[in-house]
Amino acid sequence: MRTRLRIIVMLFCLTILASCGFHLRGEITLAPPLKRLYLQSPQPYGELARNLRQGLKAADVQLTDTPQQAATVLDILSEKTTQQLLSVGGTQQTRQYNLLLSVVFQVTTPTGKVLIPPQTVTDTQALTVQADQILGGSNEQNNLYHQMRQDIVFDLLNRLASRTATEHVMAVTP
């Protein structure tokens with residue numbers, strides 16, 4: 001009787017997951033010129049660059065040591081974090097912030113010819129901080145920025161794998 005109940009519950013869960021459109025993230029396929037790439041960043045050892053390297057390697061991209069060795073250059077033009085105060089509690093102790101992370105990137109040839117013009121990828125998260133939890137709020141803020149960088153890497157890779165980006169890259173590169 002227990003095994004029958006487990007099977008019914010599993011089938012129910014599978015049906016719910018299938019009906020809501022749930023699917024695992026598939027492998028990202030990039031255009032052939034993007035398969036040998038140089039990553040240029042104002043913070044080459046920063047968290048965003050590290051996450052990008054991991055994401056690109058997971059997409060079977062060969063990262064080169066110099067731009068001359070690469071077919072294309074992924075140039076991170078800027079990474080900007082900002083905070084906006086959304087509200088202050090009635091007792092002036094609770095504050096809600098909107099954390100914003102924007103990354104501007106472009107793809108060029110090693111000689112500097114623009115293949116994909118500058119684009120901005122943005123992510124936003126809300127953060128509520130209690131006056132008696134200032135240190136915890138700072139920790140939570142760092143965790144949210146970490147998560148936002150991972151989301152931006154995924155969005156950036158999806159943009160590079162898009163049909164529009166592939167057509168731009170293939171039309172310009174030999």
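In what order do the elements of the protein chain run from the N terminus on? In this predicted model, the order is α-β-α-β-β-β-β-α-α, which comprises four helices and five strands. Of the 174 residues of the chain, 32% count as buried. Among contacts with a separation of 6 or more, 68% join residues 24 or more positions apart. The accessible surface comes to about 11,100 Å², and carbon and sulfur atoms account for 54% of that surface.

**Nonpolar core**

- The largest nonpolar core has 34 residues, and those touching the most other members are L34, L52, L74, I76 and L160.
- Two or more residues of this core come from each of the strands β1 (36-40), β3 (72-88), β4 (94-108) and β5 (114-130), and likewise from each of the helices α2 (47-58), α3 (134-161) and α4 (163-172).
- Helix α3 gives the most to this core, with eight residues.
- In soluble globular proteins, nonpolar side chains tend to be buried together.
- Leaving aside residues up to four places away in sequence, L74 touches L37, Y38, L39 and Q40, together with L52 and L56.

**I76 in strand β3**

- I76 is found in strand β3 and counts as buried because its relative accessibility is 3%, where the cut-off is under 20%.
- Beyond its neighbours within four places in sequence, I76 is in contact with L39, Q40, S41, P42, L48 and L52, and also with V103, V104, F105 and L156.
- I76 and Q43 are 33 residues apart along the chain, and their C-alpha atoms are separated by 8.9 Å.
- Both I76 and Q43 belong to the lining of the largest cavity.

**Polar and charged residues that are buried**

- Q106 has its place in strand β4 and counts as buried because its relative accessibility is 13%.
- Apart from residues up to four places away in sequence, Q106 touches V73, L74, D75 and L77, as well as V114, I116, P117 and P118.
- D123 is found in strand β5; with a relative accessible area of 16%, D123 is also buried.
- With residues up to four places away in sequence not counted, D123 touches L99, L100 and L101, and also M148, D151 and I152.

**Largest pocket**

- The volume of the largest pocket is about 170 Å³.
- Its lining consists of Y38, L39, Q40, S41, P44, Y45, R53, L63, T64 and D65.
- Strand β1 supplies the largest share of this lining, three residues.
- By class, the lining of the pocket holds five nonpolar, three polar and two charged residues.

**Cavity**

- How many cavities of 30 Å³ or more does a search of the whole structure find? The search finds one, and the largest cavity has a volume of about 30 Å³.
- The cavity is lined by S41, P42, Q43, L48, A49, I76 and E79.
- The cavity lining divides into four nonpolar, two polar and one charged residues.
- S41 is part of the lining of the cavity and is also listed in the lining of the largest pocket.

**Loop residues**

- A31 is found in the loop between α1 (2-19) and β1.
- Is A31 buried or exposed? A31 counts as buried, because its relative accessibility is 3%.
- A31 touches T166 and M170, not counting residues up to four places away in sequence.
- The C-alpha atoms of A31 and L160 are separated by 8.2 Å, although the two residues are 129 residues apart along the chain.
- D60 lies in the loop between α2 and β2 (62-63).
- The phi of D60 is near 60°, a positive value in a residue other than glycine.
- Most residues other than glycine have a negative phi.

Note on methods
Residues are numbered from 1 along each chain as its sequence is written. This is a predicted model: local features need pLDDT of at least 70, side-chain atom pairs count only at pLDDT 80 or more; totals for chains, interfaces and linings use all residues. Side-chain values use heavy atoms; hydrogens and water are left out. A nonpolar core is a set of buried Ala, Val, Leu, Ile, Met, Phe, Trp, Tyr and Cys residues joined through side-chain atoms within 4.5 Å. Buried means under 20% relative accessible area, exposed over 50%, partly exposed in between (1.4 Å probe, protein chains only). Contact means heavy atoms within 4.5 Å. On a 1 Å grid over the protein atoms alone, a cavity is a set of points where a 1.4 Å probe fits but cannot get out, and a pocket is an open set with protein on both sides within 12 Å along at least five of seven lines; lining residues have an atom within 4 Å of a point. Grid points are joined across faces, edges and corners, and a volume is the space filled by probe spheres set on the points. Ala, Val, Leu, Ile, Met, Phe, Trp, Tyr, Cys and Pro count as nonpolar, Asp, Glu, Lys and Arg as charged, and the others, Gly among them, as polar. Accessible areas come from the Shrake-Rupley method with a 1.4 Å probe; for residues, only the protein chains shown count as cover.
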